[in-house]
Amino acid sequence: MTELLAKEAHDEKWGMVIDLDICSGCQACVTACSMENNIPFVGEDEMAYGRGMQWMRIRRYWEGEYPEVTPDYQPMLCQQCGSAPCEPVCPVFATLHSEVEKINLQVYNRCIGTRYCANNCPYHARTFNWFDYEIPAPMNSYLNPDVTVRRRGVMEKCTFCVQRIVKGRQQASAEGREIEDGDITPACAQACPTDAITFGNLSDPESRVSKMVRSDRAYKELENLGTEPRVTYLKGGKSYGG
Amino acid sequence: MKSSIPLWQRSSVRIVGALVLLIIMGGAVGGIYYTQIPPEQPIPFPHNFHIGVGAQCSYCHTGAATGPNAGLPTTDKCWGCHQQIEPRNDNLKLVASYGAEGKQIPWVPVAIQPDFVVFSHQPHINAELTCETCHGDLTQMTVAEPQKGQNMGWCLDCHQKMSTPEEFVLLSDCATCHY
């Protein structure tokens, strides 16, 4: 059984494709992410101080001259860089690259809160727990038992819903099969009403994400920095994107 | 007249210092001690007796093979057998009172991990591990006792012994247990 677990594990390279043409900027992914990953709501004041806690956010750009403006949206999350700027700067190896999942991990119990990683992240994808935020009732009953509730002084970021990846792998192994395309869906992709977010295995050339990555519209955010992002955006009909 | 004895040589200072040290050390020893003894249960459940009469672990801890938690039995499970058993002693009477009123027995979980560790029974059962590998020999225990030294080194030790180097890459990955 463990053989099967290990064999599969080495082939997977998780990736995500976000089609900006059909993203409507509805924030359903942001909400789903917060619910799945026990992210506290910090409130307006803290948000204004720049202490907002969102693993995923919608960047909005205005297109055109006022008053004929139309909004453009780009969901921004941790790009799970293949060559991540956050990793080498951590003094305690709290953020490191998983050899198995090939994503960036954040190990909360190692983190000492230097915030160096967040300052080195070109995507501003990392958020810091400035306080122990109280989760008011009845929201405290909605906490996801699969995910750690982080405490003050710990850095956190999108994990590609690694708890779902681990669960999917365990499930597949218990059923004695390999992980199939579509077995694992992160919370954002699951919640997206227009199916703009697709998640899958990039090392499998036949998976949905691999096919979409080969599209002409595909670009990666800040690719010129050499970060090798695992999130690919598909350009919309308008002018945004690389 | 000012005393010529230096501060640290005065008996009063030394006694106070020794007392403070004793209190701090006593607190530390006590704190560690309380994590190592079995917590008080509503009913001192005799595991050894139930195993002796042939009950399988999974009869009461049903979730182990299919999910992350093995689970603690509900009163219905106890009452299924115990309503046919004469309450001979105080503990059996307690079971009977919970069962007759249909109230849940507030069992205290013993084998627990900190919040930042995610443990799932399912892959361990699938790897054909037995319960006593981690939970100790329950045939010798009445109430379940916390096992000593179950830290990350202990987990990794076993993972390394039970796997090939290729498998150990997965079994030692941070994301396997911490997320």
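A: Between them, chain B and chain A bury about 2000 Å², 66% of it on carbon and sulfur atoms, where buried area is the accessible area, taken with a 1.4 Å probe, that two parts lose on being put together, summed over both. Of the area that chain B buries against chain A, 32% is supplied by E167(B), L170(B) and Y179(B), more than by any other three residues.

This is a predicted model, in which local features need pLDDT of at least 70 and side-chain atom pairs count only at pLDDT 80 or more, while totals for chains, interfaces and linings use all residues. Residues are numbered from 1 along each chain as its sequence is written, chains are lettered from A and ligands numbered from 1 in the order in which they are written, and side-chain values use heavy atoms, with hydrogens and water left out.

With contact taken as heavy atoms within 4.5 Å, chain B brings 18 residues to the interface and chain A brings 27 residues.

On the side of chain B that touches chain A, the elements that give two or more residues are helix 6 (121-126), helix 9 (165-171) and helix 10 (174-177) of chain B, helices being DSSP runs of H or I with at least four residues, numbered from the N terminus. Helix 9 of chain B gives the most to this side, with 5 residues. By class, the residues of the side of chain B that touches chain A divide into 9 nonpolar, 5 polar and 4 charged, where Ala, Val, Leu, Ile, Met, Phe, Trp, Tyr, Cys and Pro count as nonpolar, Asp, Glu, Lys and Arg as charged, and the others, Gly among them, as polar.

As for confidence, given per residue by the predictor as pLDDT from 0 to 100, chain A has a mean of 89, and 93% of its residues reach 70 or more. Within chain A, the mean is lowest in helix 1 (residues 2-11), at 54, and highest in helix 6 (residues 187-191), at 95. Where pLDDT is low, the predicted coordinates should not be read in detail.
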